[in-house]
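Have the fold in view as you read.

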Amino acid sequence: MSAMLEALCQNLQEHLGDRLKSIKVALGEVTIEVAVADYLHVMQTLRDEPQLAFDELIDLCGVDYSTYGHEPGKGPRFAAVTHLLSVATNRRLRVRCFAAADDFPAVPSVTAIWNSADWFEREAFDLYGIVFPGHEDLRRILTDYGFIGHPFRKDFPISGYVEMRYDPEQQRVIYQPVTIEPREITPRIVREATYGDTDNA
Amino acid sequence: MPELRNFTLNFGPQHPAAHGVLRMVLELDGEVVVRADPHIGLLHRATEKLAETRTWIQSVPYMDRLDYMSMMCNEHAYCMAIERLLQIEVPIRAQYIRVMFDEITRILNHLLWVGCHGLDVGAMTMVLYAFREREDLVDAYEAVSGARMHAAYYRPGGVYRDLPDRMSQYQESKWKSAAQIRPFNEARSGSLLDFLDDFASRFPKLLDEYETLLTDNRIWKQRLVDVGIVTPERALQRGFSGPMLRGSGIAWDLRKKQPYEVYDRLDFDIPVGVTGDSYDRYLVRMEEMRQSNRILKQCIDWLRQNPGPVMSDNHKVAPPDREAMKSNMEELIHHFKLCTEGIHVPEGEVYSAVEHPKGEFGVYLVSDGANKPYRLKIRAPGYVHLSAMNEMARGHMLADVVTIIGSQDIVFGEIDR
């Protein structure tokens with residue numbers, strides 16, 4: 001671990017203390033996890049504390065962990081993952097916040113702290129159905145007007161539910177149930193950790 | 001006294017200055033914009049969801065189609081993310097080739113940008129000149145990958161193949177005699193590097209020509225100066241990056257601040273604006289082209305002197321060469337596994353960002369150890385810049401909206417994903 005990451009971890013421990021659920025360093029990146037209740041406060045500290053000074057929110061996205069790895073369905077399902085950048089100190093940080101309830105996931109909005117979160121939160125709401133209380137204008141953004149469902153959830157089929165076509169009889173564009181079936185050419189495979197390890201077989 | 005109401009106007013999605021499929025609902029008070037509400041998603045293809053159903057390498061061509069004006073830079077961020085998850089080294093020659101093509105891509109993107117931006121605000125000539133130079137650069141794309149736009153040239157572990165020793169040449173036809181095509185073929189008589197060297201020596205002069213057309217042009221300045229001013233504080237708040245951030249006076253460039261590949265070995269400068277208006281962003285981008293040309297030259301010199309492999313020799317990631325595959329059982333198995341099942345990327349998550357011509361293009365990958373990504377998030381710079389549209393356009397005239405869209409340099413492939 002480089003000295004810079006170490007210093008960042010120390011600063012985080014110092015200023016956030018027990019509000020950090022976990023802190024992890026992997027592949028040269030620091031990831032912290034916070035609870036929904038502490039989320040806003042932590043984010044505010046991350047921006048305003050001069051030693052941290054994360055002045056830019058680079059990215060915010062939803063993740064659906066429901067089919068993750070070998071043991072799917074363990075733990076909470078939805079998370080909002082934020083990538084922060086400090087232009088002042090040249091550091092990056094990843095913040096993950098799991099939504100408490102799976103059937104109505106909600107994570108507080110950080111638009112008041114970083115205005116750039118505006119469209120990112122709209123996107124996460126649109127694609128994953130994560131609600132961001134405190135967001136002033138939480139509309140759908142990428143999907144069609146009048147779209148039903150949240151397409152990036154793992155239980156949403158890749159081909160969707162409806163398709164659109166021009167109907168010559170009614171002389172207008174209509175929606176109908178999809179007529180294509182998704183096919184999987186290469187199956188998804190998660191190998192056990194020792195797979196292909198001929199030395200220790 | 002009649003009741004006065006604001007006028008709501010639909011701008012796009014078929015407006016030529018909307019740069020694709022931007023639908024913007026503008027609320028106008030007379031000719032002044034009160035509120036701008038961009039409606040995006042008309043080009044949404046769910047690239048990120050599709051990538052979850054493909055193997056790691058099958059998604060590389062999807063990356064080209066994100067920002068379809070700077071194809072190889074998108075691939076770069078994606079391949080770099082996979083390489084970091086796998087923790088593999090890319091051969092140094094491949095790194096130089098990537099940097100060289102990143103800079104070619106930057107020139108390609110900025111040329112198209114200056115042409116279209118000129119077209120939007122009334123300078124017809126620019127687009128004709130810009131496309132003349134773009135032609136040479138897309139030929140370089142074609143020479144290495146076979147495709148003029150959607151190259152799929154960068155692969156996890158390196159680049160698909162080494163630079164070619166000869167360029168394709170114009171053929172004599174019944175429309176063009178041998179004497180007519182000879183000048184066109186002169187620069188193409190050598191290798192790709194000779195061709196690019198010729199381009200790099202011509203290009204600064206051509207840039208000077210563009211600048212005489214625009215930089216001090218009275219109409220150009222009237223349309224651009226003091227339009228869409230963004231202060232440094234607001235630029236950070238709105239998550240700006242790339243030329244949009246530098247135009248506002250913040251010297252931030254990932255190539256310098258968080259260097260990746262071989263950028264730390266190259267000599268180049270970062271132009272920074274002062275006022276943060278559209279004119280400053282124009283100047284920044286013009287200077288960036290000059291700097292890219294400098295990097296291009298350095299890469300050409302290095303690549304001439306240093307032959308070597310361009311693909312990782314880790315055959316769990318990169319396929320073995322055909323000859324080895326046909327003669328060696330081990331390599332045959334590797335080839336078979338790679339082509340049927342694909343790479344297995346260890347569990348973990350990574351965010352890798354490159355200095356894309358438009359700003360910071362980031363790829364956030366979550367892997368659970370499968371042969372497909374668990375989650376891919378693409379952080380498109382244009383998405384963030386367009387989200388500041390309301391703030392930038394408010395209080396400006398309707399015609400300035402076109403200037404602001406132009407100076408944001410947006411492409412809908414990446415915004416809608």
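Predicted model: local features only at pLDDT ≥ 70, side-chain atom pairs only at ≥ 80, totals over all residues.

Residues are numbered from 1 along each chain as its sequence is written, while chains are lettered from A and ligands numbered from 1 in the order in which they are written.

Start with chain A, where five strands make an open, mixed sheet in the order β1-β2-β5-β4-β3. Helices (H or I, at least four residues) and strands (E, at least two) are DSSP runs, numbered from the N terminus, and two strands pair if DSSP finds at least two bridges between them. At the edges sit β1 (20-26) and β3 of chain A, each pairing on one side only. From one strand to the next, the twist averages 20°. Inside the sheet, β2 (residues 29-34) and β5 (residues 91-98) of chain A run parallel, joined by four bridges, and A:Val34 stands opposite A:Cys97 of β5(A).

Now for the helices on that sheet. Helix α1 (residues 3-16) of chain A lies across β1, β2 and β5 of chain A, at about 180° to β1(A). α3(A) touches β3 and β4 (78-86) of chain A, and its direction makes about 5° with that of β3(A). Such angles run from 0 to 180 degrees between N-to-C directions, with axes fitted to C-alpha atoms, for helices over the stretch in contact.

Where do the chains meet? The contact takes 32 residues from chain A and 41 residues from chain B, a contact being two C-beta atoms, placed from the backbone, within 7 Å. On the chain A side, β3 (56-64) and α3 (117-128) are the elements giving two or more residues, and β3(A) has the largest share, six residues.

Over in chain B, α4(B) has 30 residues and reaches 43 Å from first C-alpha to last, close to the 44 Å expected at 1.5 Å a residue (that is, 1.5 Å times one less than the number of residues). Of those 30 residues, 26 are buried, so α4(B) is largely enclosed by the rest of the structure; buried means 20 or more other C-beta atoms within 10 Å of a residue's own, with C-beta atoms placed from the backbone.

Conventions. Buried ≥ 20, exposed ≤ 12 C-beta atoms within 10 Å, placed from the backbone.
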